[in-house]
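Please keep the sequence and the coordinates at hand as you read.

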Amino acid sequence: MENRIDALRAAARDLALFGFLHEVPVLAASLTDLLQDGPSAPVWRPVQDPDSRVSWMAGIGPGA
């Protein structure tokens, strides 16, 4: 999991993607966490802040 997030973070450093990543969240989750807690649980790790855990709905919708 850590290697995948590191690879995503490296790709996110590309200036062409910089604006895109502020508009579209890039999240990663392990299959173990998804099976144990479900995809709606705060098991998703934002590529920009992999130490935090969020719901996939974080930052989406009115007032976000």
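The paragraphs below go from the overall fold to confidence, then to salt bridges and individual residues.

This is a predicted model, in which local features need pLDDT of at least 70 and side-chain atom pairs count only at pLDDT 80 or more, while totals for chains, interfaces and linings use all residues. Residues are numbered from 1 along each chain as its sequence is written, and side-chain values use heavy atoms, with hydrogens and water left out.

Start with the secondary structure. The protein chain contains three helices and two strands, where helices (H or I, at least four residues) and strands (E, at least two) are DSSP runs numbered from the N terminus.

How much can you trust each part? The predictor's confidence in each residue is given as pLDDT, on a scale from 0 to 100. For the protein chain the mean pLDDT is 80, with 77% of the residues reaching 70 or more. Confidence is lowest in helix α2 (residues 15-23), where the mean is 66, and highest in α3, where it is 95.

Next, the surface and the packing. The protein chain has an accessible surface of about 4,700 Å², and carbon and sulfur atoms own 59% of that area. These areas come from the Shrake-Rupley method with a 1.4 Å probe, and for residues only the protein chains shown count as cover. Of the 64 residues in the protein chain, 23% are buried; buried means under 20% relative accessible area, exposed means over 50%, and partly exposed is in between (1.4 Å probe, protein chains only). As for contacts (heavy atoms within 4.5 Å), residues 24 or more positions apart account for 27% of those with a separation of 6 or more in the protein chain.

Now to the charged pairs. Side chains of opposite charge can pair when their charged atoms come close. The rule used here asks for a side-chain nitrogen of Lys or Arg within 4 Å of a carboxyl oxygen of Asp or Glu, and the count comes to two salt bridges.

One of them joins Arg-45 and Glu-2, whose closest N and O atoms are 2.9 Å apart. This pair links distant parts of the chain, with Arg-45 in strand β2 (residues 45-46) and Glu-2 in helix α1 (residues 2-12), 43 residues apart. Beyond its neighbours within four places in sequence, Arg-45 is in contact with several residues, among them Met-1, Ile-5, Val-26, Leu-27, Pro-50 and Arg-53.

Arg-53 brings us to the other salt bridge, in which its side chain meets that of Asp-33 at 3.1 Å, N to O. Again the pair links distant parts of the chain: Arg-53 is in the segment after β2 and Asp-33 is in helix α3 (residues 31-37), 20 residues apart. Arg-53 is partly exposed, at 43% relative accessibility.

With a relative accessible area of 21%, Val-54 is partly exposed. Setting aside neighbours within four places in sequence, Val-54 is in contact with Leu-27, Ala-41, Pro-42, Val-43, Trp-44 and Pro-46. Pro-42 itself lies in the loop between α3 and β2 and is exposed, with a relative accessible area of 52%. Not counting residues up to four places away in sequence, Pro-42 touches Arg-53, Val-54 and Ser-55.

Finally, return to helix α1, where Ala-12 lies. Ala-12 counts as buried at 16% relative accessibility. Gln-48, in contrast, is found in the segment after β2 and is partly exposed at 43%. Ala-12 and Gln-48 are 36 residues apart in sequence, and their C-alpha atoms are 8.2 Å apart in space.
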